[in-house]
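Trainee: I would like to learn how to read a structure like this one with some care. Could we go through it feature by feature?

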Amino acid sequence: MRCPTQGSTMLSLVLLWIFSHVKSARGALLTSQKCDEALTSPLAHTAFTSSSIFSNGYAPGYAKLNRRGGAGGWSPLDSDHYQWLQVDLGSRKQVSAIATQGRYSSSDWTTQYRLLYSDTGRNWKPYHKDGNIWAFSGNSNSESAVRHELQQGIVARFLRLVPLDWSEEGRIGLRIEVYGCSYWAGVINFDGQGVISYRFKVKKMKIIKDVIALRFKTSESEGVILHGEGQQGDYITLELWKAKLLLQINLGSNQYGSILGHTSVTTGSLLDDNHWHALVIERYRRNVNFTLDRHTQHFRTNGEFDHLDLDYELSFGGMPYSGKPVGGGRKNFKGCMESINYNGDNVTDLARRKKLDTSSFRNLSFSCAETHTFPVFFNATSFLQLPGRANHNTISVSFQFRTWNPDGLLLFSNLDDGMLEISLEDSKVVVHINVTMETSNNRVDLSSGHKCKLSSRLCNTPDGTPYTWWVGRGSEKHFYWGGSAPGIQKCACGIDRNCTDTKYDCNCDADQKQWREDSGLLVNKEHLPVSQVAVGDTNRPGSEATLTVGPLRCQGDDNYWNAASFTTPSSYLHFATFQGETRADISFYFKTSAPYGVFLENLGNTDFIRLELKSVKVVCFSFDVGNGPVELTVHSSSPLNDDQWHRVIAERNVKEAVLQLDQTYRTSRLAPAQGHTRLELFSQLYVGKPASLTCHDSAAGGQRGFLGCIRALRMNGITLDLEERAKVTPGVKPGCQGHCTSYGMYCRNGGKCVEKYNGYLCDCVSTAYDGPFCTRDVGGFFEVGTLVKYNLMPEAVAGASRDGDILHHQQLTPHGVNLTKEEVAFSFSTSNAPAILMYISSKMEDYMAVVLKQNGSLQVRYNLGGLRGPFSIDVDQRNLANGQPHSINMSRVDRSITIQLDHYPPVSYTLPDASDTQFNLVKTLFLGKVFETGHVDPFLIEYYNTPGFVGCLSRVQFNGIAPLKSALRAAAKAATATAAQPDRNAAAVSLVSYQGKLVESNCGASPLTIPPMSAATDPWHLDNTDAESPFNEERVIPDGVNRDSAIIGGIIAVVIFTILCTLVFLIRYMFRHKGTYHTNEAKGSGESAGESADTAIIGTDNPETIDESKKEWFI
């Protein structure tokens, strides 16, 4: 009985071949070349340059990782913030990581640095991460290498490292290595004239989905990047507009105006920086993803149509025809584009192979021509001096600029017979030309400003009820507008009597079809700032309004606000000797977060005068006129280092001395009846630090410099110009603008900006994040049986320590523990289901739960009373227990519930009318598992609570508290406090406790971005040669195409195996004969009809030759 064995063997070979090919194909999809080559090691010494070198042995060419040549690395002549190390990679490379070392066998290393990159070596761009200019942590010794992976890989030829901080024992020292790989992309240089026409294969295209991707760089602020249109009015236009990207798309409008399809979206800013920017537009029907430099805007087009009907072509770089509906005389794009892809077609490659129409180019170039102009950034003290030209009777000046400041000097030049000055004054460009010839004292004013437009009515009539108003301080309504005054229902044109229509007092009230403008300044400070603008004229078809509210600018007495910021203890300002022989009258304001510091001091031989903050609640005024030191102190009831303004008044004359603080605390002392009365000083007046280290110590431990701000410093009626002196003094900055005003937006995810006088920091205590900008997810890994318990009951606060958790608890329950709204956010990853992710219990039967069901789908359960059972929301039917990170954001206000899962749009749900809306007597929040003594839903305990959640949770937040972060910090404290008790597996600190093993990890972190496109729709995927035709309108390939294909392939294989087995047994039953026969397999039609099925499946060109003597051949 050998024949059945042969049949089974042949069938096994066929199935083995099928599965091996499926596996090999899957492996090919997952394999990608790793971009991790060492790029600087092979370079010559001349590829390295630097700002300076300490000596020849410290040259930048020795700055290679793990090399010991020369002095063992690079060190500059001076260790300050103006040094840099630069490397030329020879050509554009894709950079994925960077590593640094200190100088070999030394005390020289760099502890923090910044990375800049460039294509030209002249126009630099800093590396960004999490939306900020990133500072990399460096080394702590000279030998260990610290490597950083670049989350956002960069493409550049030149790299520059700028040390920010370095070894305290030595100086700046660096050795580096850069990792990456070669980079090539098809580049086209657009000269502002040429346009590439991508012609469609048919005259008209009815497109339901588009994927457009490209990279561009330019120094122009205007220019059309791509454009296409159809005869039915459909169009798509992408252009640079005021250095922003403007996408305009219309999928169709009707002639009656009831369907308006025009949609306009802008993104980005300052895109004319001559740096590369990546752009992707993905459209399916009316849903559009508009991505610039990895920042995505999701929007839905207006109208009711789904198809984009285009005729003939899509043009890149401009608009080839004039007089088209959306042309409008727009400028063509001038700059470079690379890797242009449209629905799978590489437009750049087609242009290179002359498959597209490029006849409009005067000289088509496939390399990026570098501009000869470069932007220069100026701060308040910098300037650029250029050589002039002599013996010329004409002068020609042209430049472009942009600024946020309304005033400033732009250009100044001395002429042979006069001077030329160009400046900004009140946001206007003013040109002053003064010459001694007959054409003297010429002046030209070039105005520039902002616009705000309205085509919606404002005031209607002076006596009628206004249509539009604004809300100011105190929540009161105001009906006057910029340029007018309170109580007058007019705009500026109504005051000046020059409105468009004289019957109205506002241009917008004329109600004309074209846009009109009313603008001006609101100057009544009692009504400012503007908090709301209400537009009431909204019930008419076609009524539109565009409103712009400018920044609030406060102006006052320059002497009153003349201020300086002291950022280091050694920083100070010095002025001429204080002349106060018989009378000293001193006043000023200060604010600080430091506990002590000298405000000012002036010395004589033995005489002196000094004002200082002696401690957090004590201000001291001391002096000596020859009778011995006299000291006056005032004590404040509250700390003075609260970063708020406090006023100090000190006076000394021949009769008495007085010290006053905040017009509340005052002390005085009479002068002695006999003795010296004249204060004789000879040193300079020092503001911000002691005048000498050998003078009288009046603060505990010696005198110390002041850290903070001082303003309005008046001495004997004269205001000292602190700002002017601070402009030329290192360590002191003019003004006292808070860093949080400028940089507070960098504190993300609810982090609070805290002022420091040499910077700022982000307080992340009240968030579920950590890190310098509150952007690092705090998460933990849960093993079997691990749970986190957070007590939400107010009585738990009574015994709690004074930490941030108490504040959060009070924020959670402002009116007790009955909630009508909740805010929940967290991310997770797991491969096990069912499980309880979050459970909030109460003293009653109310609860809220977020669970994974048996099939891995997510469910939210609310039981607030009033219903027979809990209200369940099946958020998604997908299996989320797939080991991938997922994020959930949920909020409830009364009956309204909004849930967002991953990157999908938020979905709204409503509690039934019979349900209560109050979450009564909340008690405990559980993560991972429920261990509760009170009432718990028995269904959840029975089916979801065992063995518990196994996986990762991250950035867990509930109503302003971060329970997981609190538990992890409690675990760290417990580990420190119980180092001698390693067997203890539970820790409790006041409100939070945990059981089991809880390990901090960010494995559950989920970036809040759109996931990458699948290979089939990714225009950057090199294997995408069989892109889907635009006519295949209804087929949409989901992101999970690879996983779904594997499942379908497995099902097909099982079906084939079942069919083949059935055939074997059927044929064996039908042809039950034995014997020996001979065959040549090519003779007669009968043998052909019985050709081997195995041969048909394998499909080889040379079928196996069957021996003429075989025992029982079965098909």
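**Charged pairs and paired strands**

Mentor: Let us begin with one side chain in this predicted model: Arg157 is partly exposed, since its relative accessible area is 29%.

Trainee: With which residue does Arg157 form a salt bridge?

Mentor: Side chains of opposite charge can pair when their charged atoms come close. Here the partner of Arg157 is Asp88, and the closest N and O atoms of the two are 2.8 Å apart. The pair links distant parts of the chain, with Arg157 in strand β9 (residues 146–166) and Asp88 in strand β3 (residues 85–101), 69 residues apart.

Trainee: Turning to the sheets, what is the strand order in the open sheet of 6 strands?

Mentor: Strands of a sheet pair through backbone hydrogen bonds, either parallel or antiparallel. In this open sheet the order is β12-β21-β14-β15-β16-β17, and the pairing is antiparallel. At the edges stand β12 (196–207) and β17 (262–267), each with a single partner strand, so one side of each has no neighbour in the sheet. From one strand to the next, the twist averages 15°.

Trainee: How many bridges join β16 to β17?

Mentor: Strand β16 (residues 244–250) is joined to β17 by 6 bridges, with the two running antiparallel; within β16 and β17, Leu247 stands opposite Val265.

Trainee: How many residues of strand β22 are buried?

Mentor: In strand β22 (residues 334–342), 8 of the 9 residues are buried, so this strand is largely enclosed by the rest of the structure. One of its partners is strand β11 (residues 187–191), which runs antiparallel to β22 and is joined to it by 5 bridges, with Ile188 opposite Met337. Strand β13 also pairs with β22 in the antiparallel sense, over 5 bridges, and there Ala213 stands opposite Asn341.

Trainee: Where does Asn341 have its bridge partner in β23?

Mentor: That partner is Asn346, and 2 bridges join β22 to strand β23 (residues 345–346), the two running antiparallel. The hairpin of β22 and β23 has 2 residues between the strands, and in this hairpin Asn343 takes a positive phi near 45°.

Trainee: To finish with the whole chain, how many helices and strands does it have?

Mentor: The protein chain has 12 helices and 67 strands. Of its 1115 residues, 43% count as buried. Among contacts between residues at least 6 apart in sequence, 67% join residues at least 24 apart. The accessible surface comes to about 60100 Å², of which 52% belongs to carbon and sulfur atoms.

How values were computed: Residues numbered from 1 in each chain as written. Predicted model: local features only at pLDDT ≥ 70, side-chain atom pairs only at ≥ 80, totals over all residues. Heavy atoms only, no water. Helix = DSSP H or I, 4+ residues; strand = E, 2+ residues; numbered from the N terminus. Buried < 20%, exposed > 50% of the residue type's maximum accessible area, 1.4 Å probe, protein only. Contact = heavy atoms within 4.5 Å. Areas by Shrake-Rupley, 256 points an atom, 1.4 Å probe, with all protein chains shown as cover. Salt bridge = Lys/Arg side-chain N within 4 Å of Asp/Glu carboxyl O. Pairing = 2+ DSSP bridges. Axes fitted to C-alpha atoms, helices over the stretch in contact; angles between N-to-C directions.
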